[in-house]
Amino acid sequence: MTGATTATAVAGAGMSWGTIASIGFSALGAVSGAMGARQQAQAAQQQANFQASVQRNNAIIAQQNAADVRNRGEVEAQEHRDRIRQTRGAVVASQAANGFLVDDPGSSNVDLLADVMEAGELDVLRIEENTAREERRALIQGQNFTAQAGLFDAQASAQNPGLAGATTLLSGAAKTAKLFA
């Protein structure tokens, strides 16, 4: 049947042109709504995929930050150990220049050198501990970003543009069918 023949048949069935127009616009609205629902679901899916990508990039950056923290901490600890050795060398040279025995096992000079080395190593341990804590924070942040990416991936997977369009179309078709009743 052609469009004109269908309209004539419907009009012949006792429907007014206003009713026919109302049914037509209702059907058109259902199709338009279905297309809009489909596009909206696609946009939500694309947005979630984008956010997941951003979170994965953030996780990579957090891992790079953790590596940077570790490297900076190792350098700082080594530089501090070097300063400790330099300080020890300066103390030994100063004591020797003043005529003190620097290698005498029972002397206060040996005890002073041991104290300098011990205090320096405590500082190195603090540096290493702070570095480990900061590195751990960066790694945890990276894990959180990875988890967030997983949630966005799940959100994107939950979007079904075809289903959203189909359900909207069926809902509109049901409303249009009520106009026949």
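Me: Why is Arg-72 called partly exposed?

Reply: In this predicted model, Arg-72 has a relative accessible area of 45%. Buried means under 20% and exposed means over 50%. The value of 45% falls in between, so Arg-72 is partly exposed.

Me: What makes the pair of Arg-72 and Glu-134 a salt bridge?

Reply: The closest N and O atoms of Arg-72 and Glu-134 are 3.7 Å apart. The cut-off is a side-chain nitrogen of Lys or Arg within 4 Å of a carboxyl oxygen of Asp or Glu. A distance of 3.7 Å meets that cut-off, so the pair counts as a salt bridge.

Me: Why is the pair of Arg-72 and Glu-134 said to tie together parts of the chain?

Reply: Arg-72 belongs to helix H2 and Glu-134 to helix H3, so the pair ties together parts that are 62 residues apart in sequence.

Me: Which class does Glu-134 fall into, buried, partly exposed or exposed?

Reply: Glu-134 has 36% relative accessibility, so it counts as partly exposed.

Me: What makes Glu-135 and Arg-70 a salt bridge?

Reply: Their side chains meet at 2.1 Å, N to O. The limit is 4 Å, so this pair qualifies. Glu-135 is in helix H3 and Arg-70 in helix H2, 65 residues apart, and the pair links distant parts of the chain.

Me: Are Glu-135 and Arg-70 each buried or partly exposed, and how do you know?

Reply: Glu-135 is at 15% relative accessibility, under the 20% limit, so it counts as buried. Arg-70 has a relative accessible area of 34%, which lies between 20% and 50%, so Arg-70 is partly exposed.

Me: What is the distance between the closest N and O atoms of Glu-129 and Arg-133?

Reply: Those atoms are 2.6 Å apart, and Glu-129 forms a salt bridge with Arg-133. Because the two are four residues apart in helix H3, about one helical turn separates Glu-129 and Arg-133. Glu-129, at 46% relative accessibility, counts as partly exposed. Arg-133, with a relative accessible area of 37%, is partly exposed too.

Me: How many salt bridges does the structure hold?

Reply: The structure holds nine salt bridges. Side chains of opposite charge can pair when their charged atoms come close.

Me: Why is His-80 called buried?

Reply: The relative accessible area of His-80 is 14%. That is under 20%, so His-80 is buried. His-80 has its place in helix H2, residues 17–97. Leaving aside neighbours within four places in sequence, His-80 is in contact with Gly-120, Asp-123, Val-124 and Ile-127.

Me: What makes the meeting of His-80 and Asp-123 a polar contact?

Reply: The two side chains come to 3.4 Å.

Me: Which helices have the lowest and the highest mean pLDDT?

Reply: Helix H1, residues 3–12, has the lowest at 52, and helix H3, residues 108–158, the highest at 92. The chain averages a pLDDT of 82.

Me: How many helices and strands does the chain have?

Reply: The chain has four helices and zero strands. Buried residues make up 21% of its 181 residues. Among contacts between residues at least 6 apart in sequence, 78% join residues at least 24 apart.

Terms used. Residues are numbered from 1 along each chain as its sequence is written. This is a predicted model: local features need pLDDT of at least 70, side-chain atom pairs count only at pLDDT 80 or more; totals for chains, interfaces and linings use all residues. Side-chain values use heavy atoms; hydrogens and water are left out. Buried means under 20% relative accessible area, exposed over 50%, partly exposed in between (1.4 Å probe, protein chains only). Contact means heavy atoms within 4.5 Å. pLDDT is the predictor's confidence in each residue, from 0 to 100. A polar contact is a pair of N or O atoms within 3.5 Å; within protein, one must be able to donate a hydrogen and the other to accept it, and residues adjacent in sequence count only if both atoms are side-chain atoms.
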